Amino acid sequence: MKRNNGLISSRIALLLLFIFQGAGATTSSCLLGSDSSFTQQLRPGVMYRFLQDQRGPWRAYIVEIDLTQPDLEIGARRALDKFYGREQTSSIAKHHSSANRKVIAALNSDFFSLKTGEIENNNIIDGEFVKGTKLTGSPFDVFDNIHSQFGILNNKKPLIDRFEFDGAVFWNSGQRTDILGVNDIPTPRSLVLFNSYYRASTPTDTLKMAIYELRLVEIGVRSDTLVTVVSGVMGSGGTPLTNGSLVLSGYDLPPDNALRRATHGDTVRIWLGLRPNRGPVRSLVGGWPRIVLDGRNIAAGADYAEGTFPRFSAGRHPRSGVGFSKDSTKVYFLAVDGRTQTSVGMSLVEFADLMLASGIYQGMNFDGGGSTTLLIDGKIVNAPSDPTGERPVGNCLLLFERKRK
């Protein structure tokens, strides 16, 4: 099995190297349905590549994005713009596209609950946490850990790391209290920050323990710290969450906890970040697992590094993934069809070889299977594997083109 996969992966690398080095010509043929591999320039700085290899057989779709182009930017978006719920990638792209900020490409990203749509990893949209967690909420991990995540800094630099949420409240007294997460599951004697991405209100007291909550009003930002004023002190949970509102919540708190002693009008400072701290993150989505590190295929060790399992890692499935070049100027969206006669899907090792042959120096896997969806100019270019077609997902990455003035 390993020998065959290695041989096939080598063929992938050789074929792609030949195709990409000789792909200077563009084609006017449709994006999907071609019987051969081709390259097409979509915009200045945006290249689309389609690969069909009968030896898999495989059908792969790659969007190469040059982030040095000033009018291009990559952003994360959440289904329905809420913490819970699912939405098709094409729908998310459609309602976030406008005349001044058009969506050029879209790719599904994080794993999510089929029941609630909650994503498993940290998620940041336009600098705001949709979810902040210290532990990936996956029911399939062989062992508990934090998964790899893909981010874009404020300076447009891409990065991949296993980020853990890190946050704190600084009170008038000078005391610091750690924040467990943002819109995350609270635990006894810990604080969680809720914002308007969550439901219409904070969780109610279903645990029969006293809930203490502070409604906060933002008054400014100093450096990377949010400055807020306590506008209400309440209990029992269920505090309304309107646009822009923040609620600091905790239950079963000891009497000396600073939240219990806060009063209306107090000024508090809240810091929300990631560990390791790589700078201000504008967009962040999760996946599972990292498969390319410093130009090396590390997918074979994913079961040990991030708790994947052989049926997922060694099996051939539809795949979605993201990566970037050694100089961090180019980002790549990738999708591979699977579970069809024309494309059987790839193992993680094969998918990592595809990334390496495409020019990726750092790369990771996203949710695949029936979730795999890649859009270009509003059209799905791959073949989603669910019998019902495109699957509603939890979040996605969008490539925006801003209108030039």
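This is a predicted model: local features need pLDDT of at least 70, side-chain atom pairs count only at pLDDT 80 or more; totals for chains, interfaces and linings use all residues.

Colleague: Let me start with a strand pair: which residue in S20 is the bridge partner of Val-292?

Modeller: Residues are numbered from 1 along each chain as its sequence is written, and side-chain values use heavy atoms, with hydrogens and water left out. Helices (H or I, at least four residues) and strands (E, at least two) are DSSP runs numbered from the N terminus, and two strands pair if DSSP finds at least two bridges between them. Now your case: Val-292 has Asn-297 as its bridge partner in S20. S19 and S20 (residues 296-297) run antiparallel and are joined by two bridges.

Colleague: And which residue of S23 stands opposite Val-292?

Modeller: That is Gly-363. S19 (residues 290-293) and S23 (residues 362-365) pair in the antiparallel sense, again over two bridges. Look also at the hairpin of S19 and S20: two residues lie between the strands, and Asp-294 takes a positive phi near 50° there.

Colleague: In what order do the strands of this sheet come?

Modeller: Read them as S1-S2-S3-S22-S21-S23-S19-S20, eight strands in an open sheet with antiparallel pairing. S1 (38-43) and S20 are the edges, each with a single partner strand, so one side of each has no neighbour in the sheet. The partner of S1 is S2 (residues 46-53), joined to it in the antiparallel sense by five bridges; there, Arg-43 is bridged to Val-46.

Colleague: What is the strand order in the open sheet of five strands?

Modeller: The order is S4-S27-S6-S24-S25, with antiparallel pairing. Its edge strands are S4 (72-78) and S25 (379-380); each has a single partner strand, so one side of each is left without a neighbour in the sheet. Seven bridges connect S4 with S27 (residues 395-402), and the two run antiparallel. For the whole protein, the count is six helices and 27 strands.

Colleague: How do I read the inside: is most of H6 buried or exposed?

Modeller: The terms come from relative accessible area: buried is under 20%, exposed is over 50%, and partly exposed is in between (1.4 Å probe, protein chains only). In H6, nine of the eleven residues are buried, so this helix is largely enclosed by the rest of the structure. Among them are Leu-348, Phe-351, Leu-354 and Met-355. Just after H6, Gly-359 has a positive phi of about 110°. In the protein as a whole, 56% of the 405 residues count as buried.

Colleague: Which residues touch the most other members of the largest nonpolar core?

Modeller: A nonpolar core is a set of buried Ala, Val, Leu, Ile, Met, Phe, Trp, Tyr and Cys residues joined through side-chain atoms within 4.5 Å. The largest one here has 40 residues, and Tyr-48, Val-63, Ile-74, Phe-150, Phe-333, Leu-397 and Leu-399 touch the most other members. Apart from this core lies another of 27 residues, including Leu-246 and Leu-259.

Colleague: Which peptide bonds here are cis?

Modeller: Most residues other than glycine have a negative phi, and most peptide bonds are trans. Here, the bond from Gly-56 to Pro-57 is cis, with omega near -10°, and Pro-57 sits in the loop between S2 and S3 (58-66). The bond from Trp-288 to Pro-289 is also cis, with omega near -5°. As for phi, Lys-156 has a positive value of about 75° although it is not a glycine, and this residue is partly exposed at 24% relative accessible area.

Colleague: Finally, what is the mean pLDDT of the protein?

Modeller: pLDDT is the predictor's confidence in each residue, from 0 to 100. The mean here is 89, and 90% of the residues reach 70 or more. Over residues 17-35, however, the pLDDT is below 50.

Definitions and conventions
Contact means heavy atoms within 4.5 Å.
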